[in-house]
Amino acid sequence: MNAPRARIIGTGSYLPEKRMTNDDLCKIVDTSSEWISSRTGILERRVAAEDEMTSDLAAHASRRALEAAGCAPEELDLIICATSTPDLVFPATATILQRKIEAQGAKAPAFDIQAVCTGFVYALSIADQFIRSGMSKKVLVVGAETFTRILDWEDRTTCILFGDGAGAVVLEAVAGDSPQGILSTRMHADGSHVELLRVTGGISRGRPSGFDVRHEALGFVDMHGNEVFKQAVKAMGAIAEEILLANNVTVDDIDWLIPHQANRRILQATAKRINIPEERVVMTVDHHGNTSAASVPLALDEAVRDGRIKPGQLILLDAFGGGFTWASALIRW
Ligand code: UT7
């Protein structure tokens with residue numbers, strides 16, 4: 001008998017109320033609306049309210065995904081949350097989320113994974129392995145970020161790019177010969193480029209003397225944008241080709257490419273590299289900005305809810321982020 005297959009039975013997403021437009025950013029840093037929109041494709045992004053944590057965004061998105069799936073929280077036997085902006089150093093945001101959505105009754109495992117912008121596709125791949133092995137039957141996978149909390153609002157090269165949000169999917173184990181589900185995933189990392197995209201502070205770096213633990217920030221996003229841009233296009237193109245080849249399909253078979261939403265020019269260059277027309281690329285970067293681990297599930301949920309994604313279609317998820325990390329997933333919807 002074939003190993004079970006993981007099928008997405010519900011998607012959900014959430015964006016905080018507060019919009020920040022490019023004009024708003026012009027009041028903070030030396031930039032222009034025209035520069036931001038022409039260089040990145042971003043027109044606006046959302047910013048979490050002061051009392052809104054990553055787990056709150058994740059909980060909203062998860063409730064919507066559970067509702068769409070017709071799944072009760074206590075049916076979940078695994079929760080994975082991908083985030084680089086956890087509520088706390090510990091416990092995992094996934095456990096806080098578990099309590100917020102009232103799923104704790106099942107005592108199912110819940111943990112975070114951290115692969116920055118690749119986080120959701122990494123988490124989806126991990127969930128897929130749990131389902132294939134028979135360990136799990138109903139899994140909640142979430143990508144959630146409050147990335148605006150780690151931005152240097154004096155650095156115009158980074159603060160204009162990112163936004164907050166969350167996206168979630170519910171996976172169910174189906175028969176291995178079911179035509180629908182996750183067909184395959186691929187994951188990679190190359191730690192030689194850590195300095196090109198990182199947050200400058202962290203726990204084990206220690207605290208300088210006189211550091212006030214209650215007031216000092218834990219660092220901020222620091223990026224060599226140009227180099228990251230080139231690496232992102234190369235890696236996202238290569239891992240798309242790798243997964244297509246491994247599954248004996250061509251780019252013509254793909255109905256929708258859902259890439260990590262970093263910059264419209266990165267998405268266009270990736271689409272060109274693998275030769276998929278832009279009309280078949282889901283782009284949300286204009287109204288989401290770069291929401292890191294939330295970007296792929298946010299775009300997925302948008303395309304599912306507006307009817308672009310239909311049963312039977314072939315979907316390719318493709319992401320790239322700090323580390324560097326990159327990953328892809330091929331899904332028959
Ligand atoms: O999620 C994965 C991680 N992130 C990414 O994938 C982002 C990857 N990188 C990018 O999206 C782009 O590299 C950026 C949008 C960050 C920058 O665009 P770019 O076309 O690579 O610009 P650049 O860094 O080459 O800068 C061009 C010029 C510079 O001025 P000079 O040196 O030519 O005089 C910058 O100082 O644009 C200037 N600049 C700005 N000007 C106005 C940089 N940021 C801004 C700004 N407003 N916000």
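Which residues does histidine 193 touch, not counting residues up to four places away in sequence? The legends below take up this and other close-up views.

View 1. The model is predicted: local features need pLDDT of at least 70, side-chain atom pairs count only at pLDDT 80 or more, and totals for chains, interfaces and linings use all residues. Residues are numbered from 1 along each chain as its sequence is written, and side-chain values use heavy atoms, with hydrogens and water left out. Histidine 193 touches Gln231, Gly323 and Phe324, leaving aside residues up to four places away in sequence; contact means heavy atoms within 4.5 Å. Histidine 193 sits in the loop between strand S8 (181-189) and strand S9 (197-199). Helices (H or I, at least four residues) and strands (E, at least two) are DSSP runs, numbered from the N terminus.

View 2. Most residues other than glycine have a negative phi, and most peptide bonds are trans. A cis bond links glycine 323 to phenylalanine 324, with omega about -10°. Phenylalanine 324 belongs to the loop between strand S12 (314-321) and strand S13 (325-332). Another cis bond joins phenylalanine 90 and proline 91, where omega is about 0°. Proline 91 is in the loop between strand S4 (78-82) and helix H4 (93-100). Glutamate 102, although not a glycine, has a positive phi of about 55°; its place is in the loop between H4 and strand S5 (110-113).

View 3. The domain assignment, automatic or from a database, gives domain 1 (5-174) and domain 2 (181-332). Taken over C-alpha atoms, the domain centres are 13 Å apart. In domain 1, 55 residues are in contact with 47 residues of domain 2. The two domains bury about 3,900 Å² between them, 64% of it on carbon and sulfur atoms. Cys117, Val121 and Tyr122 supply 16% of the area that domain 1 buries against domain 2, more than any other three residues. Buried area is the accessible area (1.4 Å probe) that two parts lose on being put together, summed over both.

**View 4. Polar pairs and the domain 1 side of the interface.** Between the domains there are 23 residue pairs in polar contact, both residues at pLDDT 80 or more. A polar contact is a pair of N or O atoms within 3.5 Å; within protein, one must be able to donate a hydrogen and the other to accept it, and residues adjacent in sequence count only if both atoms are side-chain atoms. Helix H5 (119-132) is among the elements that each supply at least two residues of the side of domain 1 that touches domain 2. H5 gives the largest share of that side, nine residues.

View 5. Lysine 138 and glutamate 172 form a salt bridge, with their closest N and O atoms 3.6 Å apart. Lysine 138 lies in strand S6 and glutamate 172 in strand S7, so the pair ties together parts 34 residues apart in sequence. The structure holds 13 salt bridges, each a side-chain nitrogen of Lys or Arg within 4 Å of a carboxyl oxygen of Asp or Glu. Between domain 1 and domain 2 the count is zero.

**View 6. Side chains at the ligand.** Polar side-chain atoms of asparagine 226 and asparagine 290 each lie 2.8 Å from an oxygen atom of the ligand. For arginine 265 the corresponding distance is 3.3 Å.
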